[in-house]
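Have the coordinates open as you read.

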Amino acid sequence: MRKSTLLITMLLTSACMTDSNAQSENTNTSVSTNTTASNPPNIILIVADDLGYGDIEPFGQKLIKTPNLNRLAEGGIKLTQHYAGSTVCGPSRASLLTGFHSGHGSVRGNPKWTNSGNPVDLSTNDTTLAHILKNNGYNTAIIGKWGMAEQVPTNINAMPNAQGFDYFFGYKTHVAAHHYYWPTLFENNNEYKLKDNDYLKNQGKYTHDLFTEKALNYIVKQGETTQANEAQKQPFFLYLAYTIPHLALTVPEDAKSQYKDLGWPKRMLNTEGHYRNDAEGNVTYAAMVSRMDRDIGKIMDSLKAQGIDDNTLVIFTSDNGHEYDKGFFNSNGPLRGKKRDLYEGGIRVPFIARWPNQIAANTTSDHISAFWDYFATFCELSAPGQSKSQTKDLAKDIATNCTQTDGISFVNTLTAEKPQQQHEYMYWEFNEKHGPLQAIRKGDWKLVKKHPNKFELYNLDKDISEQSNIAKQNPEKLAQLKSLLKNARTPHPEFSLKKLPNPYLKGK
């Protein structure tokens with residue numbers, strides 16, 4: 001079992017268990033749980049790409065129809081204060097996988113936004129939640145966008161099969177994932193050619209549809225295995241990393257029919273740039289989100305058909321804030337900012353979880369949680385040390401990794417059985433064109449730092465839109481958060497808090 005290079009000692013009394021004296025913020029009514037070490041849940045984690053907090057109906061969207069996400073929320077719980085790992089894809093997904101926030105993680109920025117200008121991949125020093133689940137007896141798969149193996153030539157140690165996943169199908173790199181008709185995907189470590197795909201003309205097989213097909217096939221296979229041999233069944237973890245609604249904005253025409261002729265204002269897009277968008281954006285954006293919603297419905301139906309719905313936890317979220325909307329869709333709801341900001345609109349994301357008989361239906365919680373909590377949460381759900389194939393040393397190693405992250409399990413928020421432990425604070429950093437930026441949240445208070453020395457202080461309970469900078473009026477609170485900010489990160493040779501040149505403008 002590999003060890004993380006950055007180990008943060010958490011105040012937990014045992015592996016991934018929460019503090020019984022903590023204060024609960026959960027509004028659930030209690031649901032009796034019957035999950036045991038011999039019957040851990042299947043886990044499906046669906047992550048959208050650049051979907052805003054307000055882009056779906058359960059979080060206030062009025063124009064885009066998402067009936068299946070409504071169904072998911074009605075059958076489960078919404079977390080209204082859930083945060084991505086970062087405000088862009090790479091470090092956000094790295095945070096999800098490894099359990100560290102961007103001040104401690106091994107990947108803290110998107111490819112090439114580094115001191116050297118070279119991308120940083122996951123390495124053999126990283127332990128991912130897939131490692132934990134696999135070693136706890138799970139079958140593990142990722143379908144969709146990886147983006148953690150950007151180096152050229154390919155670093156095999158950074159590919160999903162070396163990072164705890166039994167099966168991988170999808171995009172290896174970020175740039176490839178910018179195109180929905182890309183001709184080369186990967187199946188495990190092998191290229192998977194789509195010979196009729198032309199990403200410059202948006203022709204061929206729409207990759208989102210292919211990801212859904214692969215996900216459905218995977219679920220059917222897992223269900224058939226369970227039905228064929230109940231005694232030998234293994235739970236599964238499916239990380240379904242959709243790329244909708246990331247640019248380029250394009251979708252098959254059949255998805256657009258419900259949004260045409262509604263009198264919407266037209267927003268014409270560039271069809272010949274790096275992103276090969278469809279000509280009109282508003283209808284396309286809505287159709288993309290609804291197509292994803294349609295396919296989430298297919299996944300939910302397949303779980304029922306396979307007879308595994310009752311013991312499957314389905315989680316839906318987004319990797320960061322939106323990028324496309326200029327106000328028509330109100331993609332942020334009440335939040336300020338968007339992708340590449342550390343205001344709430346850049347990092348607060350929708351979260352829905354459904355687990356029949358374990359999570360109370362149609363409930364909400366304002367528990368403050370983030371992507372780095374998934375590691376600890378899945379550690380607890382997968383009952384560390386129970387796999388028959390584990391040695392005592394391996395079980396001990398797993399328990400150690402489960403506690404030495406920045407995360408706190410939110411199982412108690414989901415099930416409402418016990419009080420939920422709270423974070424002392426939440427931290428983010430980001431360094432691209434307008435960076436470096438840092439942000440820290442403690443309770444209702446949030447500090448945003450724009451380097452070299454500009455501080456903005458907000459009370460999110462009274463000012464969720466972050467409109468009133470009250471730093472001057474609250475010197476003691478400002479000093480407290482500045483002190484936390486100073487100590488919230490560890491140095492990284494590739495991710496210093498200094499101004500970086502745009503790596504994509506070199507030579508121009």
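## Ground rules

This is a predicted model, so to speak of local features pLDDT has to be at least 70, side-chain atom pairs count only at pLDDT 80 or more, and totals for chains, interfaces and linings use all residues. Residues are numbered from 1 along each chain as its sequence is written, and side-chain values use heavy atoms, with hydrogens and water left out.

## The disulfide

Counting a disulfide as a pair of cysteine sulfur atoms within 2.5 Å, the model has one. Cys-379 and Cys-402 make that bond, with their sulfurs 2.0 Å apart. The S-S torsion is about -85 degrees, so the bond is left-handed. Cys-379 sits in helix 7 (residues 374–381) and Cys-402 in helix 8 (residues 392–403), so the link ties together parts 23 residues apart in sequence. Helices here are DSSP runs of H or I, at least four residues, numbered from the N terminus.

For burial, buried means under 20% relative accessible area, exposed over 50%, and partly exposed in between (1.4 Å probe, protein chains only). Cys-379 is buried at 0%, and Cys-402 is buried at 0% too.

## Salt bridges

A salt bridge needs a Lys or Arg side-chain nitrogen within 4 Å of an Asp or Glu carboxyl oxygen; the whole structure has 32. Glu-253 pairs with Lys-256 at 2.9 Å and with Lys-260 at 3.2 Å. Glu-253 is partly exposed at 47%, while Lys-256 is buried at 7%.

Glu-456 and Lys-450 also pair up, at 3.3 Å. Shared partners join Asp-209, Asp-254, Arg-291, Arg-294, Asp-295 and Lys-298 into one salt-bridge network.

How values were computed. Helix = DSSP H or I, 4+ residues; strand = E, 2+ residues; numbered from the N terminus.
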